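Let's take a walk through this one, starting with how its parts meet and ending with a few side-chain pairs. Keep the viewer open as you read.

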Amino acid sequence: MTKKLDIKDHNTLFQAEKYQKQAEGKRVFEAACSVQEVEDTVELLKTEEYKEKNFNREAAVINPAKACQPLGAVLAALGFEGTLPFVHGSQGCVAYFRSHFARHFKEPVPAVSSSMTEDGAVFGGMRNLIEGLENSTALYKPKMIAVSTTCMAEVIGDDLSAFIENARIEGAIDQEFPVPFANTPSFVGSHITGYDSMMRSILAYLSEKNGDLSYKIPSEKVNIITGFDTYTGNFSELKRILELMDVDYTFLGDHSDNLDSPANGEYNYYYGGTKLDDVAQAHNANGTLLLQKYSTKKVTKYINKKWKQDTIAVSSPLGIKNTDQLLKNIKELTGKDIPQVLKDERGRVVDALADSHPYLHGKRVAMTGDPDLLLGLISFCLEVGIEPVHIVCTNGDKNFAEEAEALLKTSPYGMEGKVHIGKDLWHMRSLLLTEPVDFAIGGTHMKYCAKDAEIPLVRVGFPIFDRHHMHRYPIIGYQGTLNLLTLIVNTILQQLDDEAPAHSFDAVR
Amino acid sequence: MSTKEITDRHKILEELLEVYPERTKKFKKKHFQVVEEENIESGKCSVKSNIKSRPGVMTIRGCAYAGSKGVVWGPIKDMIHISHGPVGCGQYSWGTRRNYANGTLGVNNFTAMQVTSDFQERDIVFGGDKKLEALCKEVKEMFPLAKGISIQSECPVGLIGDDIEAVGKRMTKELGIPVVPVRCEGFRGVSQSLGHHIANDTIRDHVMGTRELEEAGPYDVAIIGDYNIGGDAWASRILLEEIGLRVIAQWSGDGSINELGITHKSKLNLIHCYRSMNYMAKTMEKEYGIPWMEYNFFGPSKTIESLRAIAAHFDETIQANAERVIAAYKAEMDEVIEKYRPRLEGKKVMLIIGGLRARHTIGAYEDLGMEIVATGYEFAHKDDYEKTIVELKEGTVLYDDPGAFDVEFLSDKLDIDLMGAGVKEKYVYHKLGIPFRQMHSWDYSGPYHGFDGFKVFAQDMDIAINSPIWSLMDSPF
């Protein structure tokens, strides 16, 4: 290597005196607030009075922890073989979905838009949809296109069914080419609603397309639906468990390969995913296991009603007890026994929990995320003696709140827990500053309030932009529990080291 | 470049277009060009631009909202920017652009925040004006040091007939701070570009000329169109100050509403991102007679050229200062080039960036001995292409609004060593084993502007191209 140069990037460059002076000099042109004003306001924002005002907000949403429907629809579409997500409406939305997922997964995310503009607003988007189907099939050669909508198309009331039919009549796509579609207005629900709607639509479309649902070939198979799960590691973990239990399964919606493809000198637009033919057979299965409840409400209803199938819907199986329940559920659906290897695995993870428990016991935590994830996290915390205190769920409904509160009541460690549905991370900030906790669990957006409260953030959930590869490791099952434990306990141990007086800077912990 | 090589490049473009359905092919054809000697001499460019993207092609473009909230208004740090409409737009653009600002987040700096009216079905049905009004009041209470509010409209607002202008007017009066309505609904125009224009116009209508500069000086200048990505504007400002100029405003990276309001007192407006802010530079020229000039602070050659051109607008003192500053940095720059040029010499670069950097970064690459084989923009206009083509070498492929398919096809055929584009494109290149740098966000690095920024740029290009990880791509199995 050649000579080392002293190259400073943004992390250190602007600490130099010349830049500090520059910043100070600039203030006069900014008509900047005085240092005193800023300090006073910092203090004001920490008060109970401010918190009260903050919680009285009715119109302003500040730093919410939710996204909009079509984002979820894109994720659902990515779970199927050769499927191109197609979002009908303005094009900027698709640019946002693709970059949002790319920042989380560090993977390419193919999706197209029908690029509607002002004339589309006036005349409707039929021409855009038809030309979009023609262009995208020519360029990206998908096996299926899954159409969802932006709020623009929803407000002007475009009729997807008629438009797609017209595209077939015009020959833009073949008569038989599968195009399931779902209305995903961003002014209703959140990304988990969009996932649910698109998934329901894909399952209904493919299973009803060629046949009679009442005609069933009995099968021992079990369908698995993960919900809006952004951990590709969860998919492989789940498959491993099912294979250890010798279960014949079909994932309905498996986006793990699309969002975790190899670097080997080639790029394809599509990797893995549920085979379209497998969806057509899915109604024959013995039952369907859903690993999120709140993101699969419509899907569950559809499967019960149309496929006349048993469904078991649970919240994210985080922690020992939830994993125990997951295995029981699989056993219930399939009659398969739980093998020794999983029992041993359970024991090893419980052993790990025993090793770490003194550092976790009584730690107070604040958390945010989607409803199913939060239920999983609360359960895990309670079983190791962590006390959930502030639980903010921007896209949670009343059912979620009741369920979460009931769960908290099952344990003495849940007594302080308060569930805040429809609240955002600016509410969370007030909570953290008025009723402090020891650490936080959530996605990247929580880093701002965690920093203001001077507590560490354990990154779990979505999106995670500022840490790498978290989503590649499972957080469900016994192995996932071990990963979660390792993340949390090591964060706490790091904090102990960072804050330790010299004598307590222990070599062994 | 030989005639055969140029013919080959034409063939590549023909082959690319073959895959398109007939009507789209006819359209797309006009957006590609192989640059020939005569184009470089005349500056004439046949590439069509600023036209609607075809549906379904996987365009890289965004929307007007992204151009206004994301680019122009968002970086103004002491204002609250309301993403008015459903939750998504503000969520996806929250804290991802890296327009750095000094200040305390949530107290007197509101850049990395997502404030939204989070439209629900009832707002679509009954209209969102009342909610917007309540929101403005709440925001003022929540953020007492906020010095203004901008209302960034999302698609539904323009479709349901809301009157955000009336709300803006009422709230400006009631709250005593400017409340600026911006009609940047995503369906307007064909890309981010119209959003820039709309945002510029609202600065003109609501802020321009509204504040006074206490004491005007002969060397007052404003930086226009630098968004301070990774600190770019700071690394630029330092040079302007070192040559004796006084920078009275930054538009809009680390900017404030006061700076927007005093810029009409500037003696010379210096414009970096022409595409997104030329409108206001021209407006201030017309209204206040302020001259403006473009400059380019990427790479030492262009930075030196620009510093001299800027100094030429002022007296001999400034000109002498410029020479002194250029000389002072020379050794450092030579050292950087001496280290990195041998490692990067002859490497072929392909770019697809927004509306400026596809031409402005060429000099920086060339300072390192690298060659641009293909370049183009998401949302540039005709004048940008004319400015670009004169910077290119014969045989370079130039394109407008290429889709994912186009970019991947060309990068394969042109056998490139480095791709520079955005996050949506990035990870494709990791699969392919082609070094990549994000040229919107500087891949979380930067600054890249000025002399201090060039060091980081050179180092980053070296990291990308010469990383040992690329040799692991070929599996032995």
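A polar contact here is a pair of N or O atoms within 3.5 Å; within protein, one of the two must be able to donate a hydrogen and the other to accept it. Keep in mind that you're looking at a predicted model.

Start with the layout. Chain A splits into domain 1 (69-210), domain 2 (222-334) and domain 3 (340-503). Let's settle on domain 2 of chain A and domain 3 of chain A, whose centres, taken over C-alpha atoms, sit 24 Å apart. Domain 2 of chain A puts 31 residues into the contact, and domain 3 of chain A puts in 38 residues. Together, domain 2 of chain A and domain 3 of chain A bury about 2800 Å², with 59% of that on carbon and sulfur atoms.

Now for the polar side of things. With the rule above, 23 residue pairs are in polar contact across the interface of domain 2 of chain A and domain 3 of chain A, both residues being at pLDDT 80 or more. On the side of domain 2 of chain A that touches domain 3 of chain A, the elements giving two or more residues are α11 (232-244) and α14 (319-334) of chain A. The biggest giver on that side is α11(A), with eight residues. Sort that side of domain 2 of chain A by class and you get 13 nonpolar, 11 polar and seven charged residues.

What about charge pairing? Side chains of opposite charge can pair when their charged atoms come close. Between domain 2 of chain A and domain 3 of chain A, the count is five salt bridges.

Zoom out, and the structure has 75 salt bridges over all chains. One of them joins Glu24(A) and Arg27(A), with the closest N and O atoms 3.8 Å apart. Glu24(A) and Arg27(A) are about one helical turn apart, because they lie three residues apart in helix α1 (residues 17-30) of chain A.

Finally, the rings. Over all chains, the count comes to 33 aromatic pairs. Take Phe235(A) and Phe251(A): their ring centres are 5.9 Å apart and their planes stand at 35°, so the pair counts as tilted. This pair links distant parts of the chain, 16 residues apart, with Phe235(A) in helix α11 of chain A and Phe251(A) in strand β6 (residues 249-251) of chain A.

Note on methods: Residues are numbered from 1 along each chain as its sequence is written. Chains are lettered from A and ligands numbered from 1 in the order in which they are written. This is a predicted model: local features need pLDDT of at least 70, side-chain atom pairs count only at pLDDT 80 or more; totals for chains, interfaces and linings use all residues. Side-chain values use heavy atoms; hydrogens and water are left out. Domain bounds come from an automatic or database domain assignment. Contact means heavy atoms within 4.5 Å. Buried area is the accessible area (1.4 Å probe) that two parts lose on being put together, summed over both. A salt bridge is a side-chain nitrogen of Lys or Arg within 4 Å of a carboxyl oxygen of Asp or Glu. A polar contact is a pair of N or O atoms within 3.5 Å; within protein, one must be able to donate a hydrogen and the other to accept it, and residues adjacent in sequence count only if both atoms are side-chain atoms. Helices (H or I, at least four residues) and strands (E, at least two) are DSSP runs, numbered from the N terminus. Ala, Val, Leu, Ile, Met, Phe, Trp, Tyr, Cys and Pro count as nonpolar, Asp, Glu, Lys and Arg as charged, and the others, Gly among them, as polar. Rings of Phe, Tyr and Trp (its six-membered ring) pair if their centres lie within 6.5 Å; planes under 30 degrees apart count as stacked, over 60 as edge-to-face and the rest as tilted.
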